[in-house]
Every structure is written in C-alpha cells, then in structure tokens.
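Please examine the sequence and the structure shown below before reading further. The explanation then moves from the overall form to individual side chains.

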Amino acid sequence: FIGEGIMIATENYLQLSISTVIATGGCLWALNTLPQRYGLAGVWLSFGVWNMIRLVGVLIHQQFTGRLAPRNLAKTASIQDKS
C-alpha cells in the first residue's frame, strides 16, 4: 500500500508494526478456518482479510493518529500561527 509507505516516511514505525502483526494474526485465523469451508477460494479470502486489516490500519493512521491526519495538521497550523 502507498499508505504504508507514508507511514514509513512519517517515521511511524510502531503503528505500522502493530497493524502488520494484527493483520498477520487475522490472516492466520482466516487460513485456519476459511479454506476448510471454501477450499482454494478460502485461501484467497484469507489474503483479502490480511489486506483489509492492513487497509484499516492505514486509514486509522491517515485520519486519526498520523502526522498528516487532519486534526494533527490543524494543531501544527495553530502552533505556527501563535509564533
């Protein structure tokens, strides 16, 4: 994802690693359950689970916690206006 590249560029390695670990856990869970029910399609669905969890991690970073999140940009702008 491009969003993960932005997370690296803004040096937010902790959030990137946490979201990757959570996505890996979700993928492993999906690989243990979905292929038994759906066969090969379950493997592909597991890959989709992994990507969707990664996407959620990127969206949280971009919208709420990252340096480029709207509220953090507003804080930076107000600090610069005061000085």
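The structure is a predicted model. The C-alpha trace of the protein chain spans about 60 × 15 × 15 Å along its principal axes. The radius of gyration may be considered beside these dimensions: the protein chain has 17 Å, whereas a compact globule of 83 residues would have a value near 12 Å.

How much of the protein chain counts as buried? Of its 83 residues, 29% fall into that class. The accessible surface of the protein chain comes to about 5,800 Å², and carbon and sulfur atoms account for 70% of that area. Contacts within the protein chain can also be examined by their separation in the sequence. Among contacts with a separation of 6 or more, 48% are between residues 24 or more positions apart.

Attention now turns to charged side chains. Side chains of opposite charge can pair when their charged atoms come close. The count of salt bridges in this model comes to 2. One of them joins the side chains of Glu4 and Arg54, with a distance of 2.6 Å from N to O. This pair links distant parts of the chain, for Glu4 belongs to helix α1 (residues 2-9) and Arg54 to helix α3, 50 residues apart. Both Glu4 and Arg54 are buried.

A salt bridge is also formed by the side chains of Glu11 and Arg67, where the N to O distance is 3.8 Å. Here again distant parts of the chain are linked: Glu11 lies in the loop between α1 and α2, Arg67 lies in the loop between α3 and α4 (70-82), and 56 residues separate them. Is Glu11 buried or exposed? Glu11 counts as exposed because its relative accessibility is 52%, and the cut-off for that class is over 50%.

The surface also carries a nonpolar patch of about 630 Å², made by Leu28, Leu31, Leu40, Val43, Trp44 and Phe47. Helices α2 (13-38) and α3 (40-65) each supply at least two residues of this patch. Which helix gives the most to the patch? That helix is α3, with 4 residues. Val43, a member of the patch, lies in helix α3. Because its relative accessibility is 37%, Val43 counts as partly exposed; this class lies between the limits of 20% and 50%.

Definitions and conventions. Residues numbered from 1 in each chain as written. Predicted model: local features only at pLDDT ≥ 70, side-chain atom pairs only at ≥ 80, totals over all residues. Heavy atoms only, no water. Patch = residues over 30% accessible without salt bridge, like charges linked within 9 Å, V, L, I, M, F, W, Y side chains within 5 Å. Areas by Shrake-Rupley, 256 points an atom, 1.4 Å probe, with all protein chains shown as cover. Salt bridge = Lys/Arg side-chain N within 4 Å of Asp/Glu carboxyl O. Buried < 20%, exposed > 50% of the residue type's maximum accessible area, 1.4 Å probe, protein only. Rg over C-alpha atoms; globule rule 2.2 N^0.38 Å. Contact = heavy atoms within 4.5 Å.
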